[in-house]
Amino acid sequence: MRRSLLARLWPNVTAVVLFIGFVFPVYWMFATAFKPTGDIISENPVWFPTDVTFQHFRTATGVDHFWTYVRNSLTVTVLAVLFSLIIALAGSFALARMRFKGRRGFVIGFMLAQMAPWEVMIIAMYMIVRDASMLNSLVPLTLFYMMMILPFTLLTLRGFVAAVPKELEESAMVDGCTRAQAFRRVILPLLAPGLMSTSLFGFITAWNEFALVLVLNKDAEAQTLPLWLSSFQTQFGNDWGATMAASSLFAVPILILFVFLQRRAVSGLTAGAVKG
């Protein structure tokens, strides 16, 4: 009986420890953002804010070009996710439904593109953008972000399209729908979990990207929020309160999006990983 109790207990204890390990850094970030500077630099850790302050948030949002960073980040992230979904929808349907020469090699190529670290191409990216006279522009960022998230989006949606029975599509076409209408009216609604999961992944990837914008866009008018996060580290030290406040604001859109898409995103990631 004792052995059975231990067998049931240790998974729960492990889950609680892992939960604390993952959640505590997030809590510490948000808590530090509301602490007075004295509590932040105190030798003894202050676990809970003793005197809540919003000064760090005012400092974080009061930097030059803050709203420009917000607009640029939203623009390149949303457009990159939207373009990748449009291309991946057409590509996933072709890979799942059609048989053509080189199909297997095409899929393997996308898998390799997904595994390859894109940082090794950053010099080539810079040279291409420089030669095209498009430095300090949001257009190259949007295109590169789209290419970064496209392999995962395509391969995941391919699994969802393959999981939809062909008979549903054929029945719609018998009833008078064209192939495009059958896709739009029958298959597309069934792809909602996959669209949610890939959108969430793409948003997080593009939203967090730092190195590429740092290399391509030196002009503050063309920079994004990840560079804003680094603006609180100077040669005189780090403003930890403003850094944590900025990090909290930076994480809020992703947290909201995850909470909104949580159920569909989780089911989408698991289903897309094993089907097709």
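**A close look at the salt bridge**

A: Let's begin with R130, which counts as partly exposed because its relative accessibility is 39%. Keep in mind that this is a predicted model. What does R130 form a salt bridge with? The partner is D131, and the closest N and O atoms of the pair are 3.2 Å apart. That qualifies because a salt bridge needs a side-chain nitrogen of Lys or Arg within 4 Å of a carboxyl oxygen of Asp or Glu. D131 has a relative accessible area of 57%, so this residue is exposed. A search of the whole structure turns up one salt bridge.

For a contrast, let's visit T142, a residue of helix 7, which covers residues 138–163. Is T142 buried or exposed? With a relative accessible area of 7%, T142 is buried. A polar atom of the T142 side chain lies 2.9 Å from the backbone oxygen of L138. Setting aside neighbours within four places in sequence, T142 touches V76, L79, A80 and F83.

Now for the surface again. V16 belongs to helix 1, residues 2–33, and is partly exposed at 46% relative accessible area.

Finally, a word on confidence. The protein chain has an average pLDDT of 83, and 91% of the residues score at least 70. Over residues 268–276, though, pLDDT stays under 50, and the model has 16 contacts beyond four places in sequence for that stretch.

Definitions and conventions
Residues numbered from 1 in each chain as written. Predicted model: local features only at pLDDT ≥ 70, side-chain atom pairs only at ≥ 80, totals over all residues. Heavy atoms only, no water. Helix = DSSP H or I, 4+ residues; strand = E, 2+ residues; numbered from the N terminus. Buried < 20%, exposed > 50% of the residue type's maximum accessible area, 1.4 Å probe, protein only. Polar contact = N/O pair within 3.5 Å; in protein donor to acceptor, adjacent residues only side chain to side chain. Contact = heavy atoms within 4.5 Å. pLDDT = per-residue confidence, 0-100.
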